[in-house]
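Hello,

Here is the structure we talked about. Please open it alongside the notes below.

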Amino acid sequence: MGISRDSRHKRSHTGAKRAQIRKKRKFELGRQAANTKIGSKRIHAIRVRGGNIKFRALRLDAGNFSWGTQATTRKARIVKVMYNASNNELVRTNTLVKGAIVEVDAVPFRQWYESHFALPLGRKKAAATDAPATEELIKGGSNHLVRKFESRRKDAEVEPALADQFVAGRVLARLSSRPGQSGRADGYILEGKELEFYLRKIRSRKA
């Protein structure tokens, strides 16, 4: 018996059983869930209604993640699933679905930040003394280069909760694509009130 998306087999709102007036139709079919896992990329192309193609991701290990406040996007490795509002089983099995909160590698974003602003980000206090001073990062540059970095630094502020994650080397992100439909695991880095909300949820789940 195949998976069907029709509603004729369901009872009416009063609880009465509906009579079967016809058999299943091709346009009512459903397919098995992708249950995308974290691993080396494996994607199947599926021919669907209208001759269109869906890309069923069975395994993914990276995606494009957007850093909203800095208006930049970088490809980052997905480390693990941290939280899922719909089902804790999807967290235990590291299943990637839309809306899942995942931990991604912070290195690509840190490298971009340090090259764009010439400021250190996510350096431990002990290593901060060994790291080159801000002025040394642009040492030997022209006056124009110095002015360019100084003008950029007006937007260089990173909220403390996010900066703490950069120290750990991993940041929280939310998947906004559908891996089982598009074959991609793209999303955005959590910031502000949304980050506070999910940090509370993750702490309460661990407690």
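**The largest pocket**

Three elements each supply at least two residues of the lining of the largest pocket: β3 (53–60), β6 (95–96) and α7 (179–182). Of the elements, α7 gives the most, with three residues. Keep in mind that this is a predicted model.

The pocket has a volume of about 570 Å³. By type, the lining divides into nine nonpolar, seven polar and nine charged residues.

**The largest nonpolar core**

This core has 36 residues. Phe 65, Trp 67, Val 102 and Tyr 113 have the most contacts inside it. At least two residues each come from β3, β4, β5, β7, α2, α6, β8 (170–175) and α8 (192–206). The most come from β5, with five residues.

Take a look at Val 102. Leaving aside neighbours within four places in sequence, Val 102 is in contact with Phe 65, Ile 78, Lys 80, Val 81, Met 82, Leu 96, Val 171, Leu 172, Ala 173 and Leu 175.

**Helix α2**

Helix α2 spans residues 107–117. Its buried residues are Pro 108, Phe 109, Trp 112, Tyr 113, Glu 114 and Phe 117. What covers them includes β4 (62–67), β5 (72–83), β7 (101–105), α5 (143–152), α6 (160–168) and β9 (187–189). Just after the helix, Ala 118 takes a positive phi of about 55°.

Best wishes

How values were computed
Residues numbered from 1 in each chain as written. Predicted model: local features only at pLDDT ≥ 70, side-chain atom pairs only at ≥ 80, totals over all residues. Heavy atoms only, no water. 1 Å grid on protein atoms, 1.4 Å probe; cavity = no way out; pocket = protein on both sides within 12 Å on 5 of 7 lines; lining within 4 Å. Points joined across faces, edges and corners; volume = space filled by probe spheres on them. Helix = DSSP H or I, 4+ residues; strand = E, 2+ residues; numbered from the N terminus. Nonpolar A, V, L, I, M, F, W, Y, C, P; charged D, E, K, R; others polar. Buried < 20%, exposed > 50% of the residue type's maximum accessible area, 1.4 Å probe, protein only. Contact = heavy atoms within 4.5 Å. Core = buried A, V, L, I, M, F, W, Y, C linked by side-chain atoms within 4.5 Å.
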